[in-house]
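Visitor: Could you walk me through this structure, beginning with the fold of one chain and then turning to its contacts?

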Amino acid sequence: MVPKFTSLVSRVIPLLVDNIDTDQIIPARFLKVIDKQGLGEHLFADWRYGSDGLPLSGFPLNQAENQGAEVLLAGHNFGCGSSREHAPWALMGWGFRALISTGFADIFRNNCLKNGLLPVQVDRGISARLLADLERDPMAKVAVDLESTTLRLPDGSKVGFPIDSFSRHCLLEGLDQLGYILSFQDRIEAYEGRARCPLPV
Amino acid sequence: MPRALFEKVWQDHVVVEEPDRPSVVYIDLHLVHEVTSPQAFAGLRSRGLRVRRPDLTVATMDHSTPTLPKALQVLDTQSKAQLAELEHNTTEFGIRLYALGDEKQGIVHVIGPELGLSQPGMTIVCGDSHTSTHGALGALAFGIGTSEVEHVLASQCLLQTKPRTMEVRVDGRLSPGVTAKDIILALIGRIGIAGGTGHVIEYAGSAIRALGMEGRMTVCNMSIEAGARAGMIAPDDTTFEYLKGREFSPQGADWDEALARWRKLPTDQGALYDHTVELDADRLEPMITYGTNPGMAIPISECVPSPTDFADGAQREAFHKAMVYMALEPGKPLLGHKVDVVFFGSCTNSRISDLRLAASVLNGRKVAPGVRALVVPGSQQVKRQAESEGLDRIFKAAGAEWREAGCSMCIAMNGDELSPGQYAVSTSNRNFEGRQGKGGRTFLASPLTAAASAVTGCITDVRRLELGPL
């Protein structure tokens, strides 16, 4: 079932590259699984491990002080490309619960919201300010509060972020969207009754 | 009020519309493949649910399937388990499956239209971002994640917030050597890979009308590479001729009824779009990508940009990163750059008309020494058609490998992949880092450009092929 999201306070790992596609988040060779387990260890695999398979010390996810952080600060258009839901599964498998970016790709955003991974969209000024805060103090923390839809920056200032009221409600309550769709069973049947004949498959 | 094509299809499929809630939208056709469905079926089982409409659900195996001749096929343990899982799931839930070895098996976005499953005015989804392909027939077709695959299996519906609309008008006439692939690469180069975010694109204009069905599929296929939810083209006589007589197309009186309905789908005069973008087909050149996303595209005769061409710091950074990955020099031409592999295939360019284009260049010529050329038809039916036309003999005589149908080197899950550092000209849709194999470097281009480059062993403008390598 979908984990609830209410609020969190966490350190932030910056990975401010624009257009990080889901092939980078989780390369295709790791999609041969039939469950959702173990994807976290392959998160950003080609950026995170060298050709010898050992962790690259320069990559933020490999740095000791970043272990346990629950928020990723990513560049614009995060999650573009393939629709693979393995991307949010891998991000959550590593421990992320919220993502901050100036923009998310459509399918990726949908996939995140279905898994309790919160996309926090901010404008470029805020993203730059947060990065500057983190450069000053890598241990700085942000607070993400879904109830008030606000992000509190390390300097204490708060900014709002957009999220549709339905997704917010589902995340706050840990509600599964399929249950909501299935509550309209009779309307779906009525639609099928009046719609034209479907495919003769 | 005049309505656009998208609006008509959308309104036809809304089951529930409530304020402050996404709409519940009915799905007419759900396509399924082995990679993005196992967890969805597992979810159904854990909730004790059934597939609501197995009759509207069709599965195929394509992503991790081998493309070597049958006798040489080897599946790794994980791929074998994933294919077995799809077989098990489709059997248990009564879903039609075109399995490996079936004479109609192929890439999901090739077989949907080919079998006549994808039709005008439908809503079509698949756990695959290139589902936008089917919009070429006038359907609203888009990719979804695995949670949504489960939603559709269980309810035949999806929750959707209504997207905005973008009209892309391409007027004029394409010059010789310029194809549908060049139109879409030029568009993505223009609006960027996030340019269509939140939008459904409708492609219109005389150059789009002049495209055959398969060219239209190439255009709609890469809508997602511009960030768009979907791409659509209004159905017309080209569409109807394509559909007539296909296995799942309506027959007899049903055909006449369907045709009357389909003819009402095109956008009404005066309908409004949220945005409009115009491209001049007369001025388009063959396009090629130089970087690590499909928006990093240039006309083939131009030079790779320089850092100073990017005003924005983040863009400059991304450009620099791409140059390092691709090991290219800014400001230098791509023409003449060495190529190791040429890949003909993928849901973008693996249909019979694509193979005919490639063969028209390779006929009587040889793939350059040291270059590996792979021709992977999009479906078993495309393969047989090509063989009946003798295209396979042209490819083999040229020294190219003639393979079985599948996604192959577009996603490199099946063993067909680039080695680290290799350069490929590829007719596929993504040049992301490692997309065609870890460390591999991809130039996206049309089948004509790919074929010309295979012959010379370096990036070549097909319009200058007769002049020899540059």
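Predicted model: local features only at pLDDT ≥ 70, side-chain atom pairs only at ≥ 80, totals over all residues.

Visitor: Which element gives the largest share of the side of chain B that touches chain A?
Guide: The contact takes 61 residues from chain B and 47 residues from chain A. Among the elements that give two or more residues to this side of chain B are α2 (38–47), α3 (77–93), α5 (146–155) and α11 (313–326) of chain B. The largest share, six residues, comes from α5(B).

Visitor: How many nonpolar, polar and charged residues does the contact of α2(B) with α5(B) have?
Guide: From α2(B), the residues B:Gln39, B:Ala40, B:Gly43 and B:Leu44 meet B:Thr146, B:Val149, B:Glu150, B:Leu153 and B:Ala154 in α5(B). By class, this contact has five nonpolar, three polar and one charged residues.

Visitor: What is the orientation of α2(B) and α5(B) to each other?
Guide: The two helices, α2(B) and α5(B), pack with their axes 8 Å apart and at an angle of about 50°, and α2(B) passes α5(B) in a right-handed crossing. An angle between 35 and 65 degrees is neither roughly parallel nor roughly perpendicular, and α2(B) and α5(B) are therefore oblique.

Notes. Residues numbered from 1 in each chain as written. Chains lettered and ligands numbered in written order. Contact = placed C-beta atoms within 7 Å. Helix = DSSP H or I, 4+ residues; strand = E, 2+ residues; numbered from the N terminus. Axes fitted to C-alpha atoms, helices over the stretch in contact; angles between N-to-C directions. Parallel < 35°, antiparallel > 145°, perpendicular 65-115°, else oblique. Left-handed = near helix turned anticlockwise from the far one by under 90°. Nonpolar A, V, L, I, M, F, W, Y, C, P; charged D, E, K, R; others polar.
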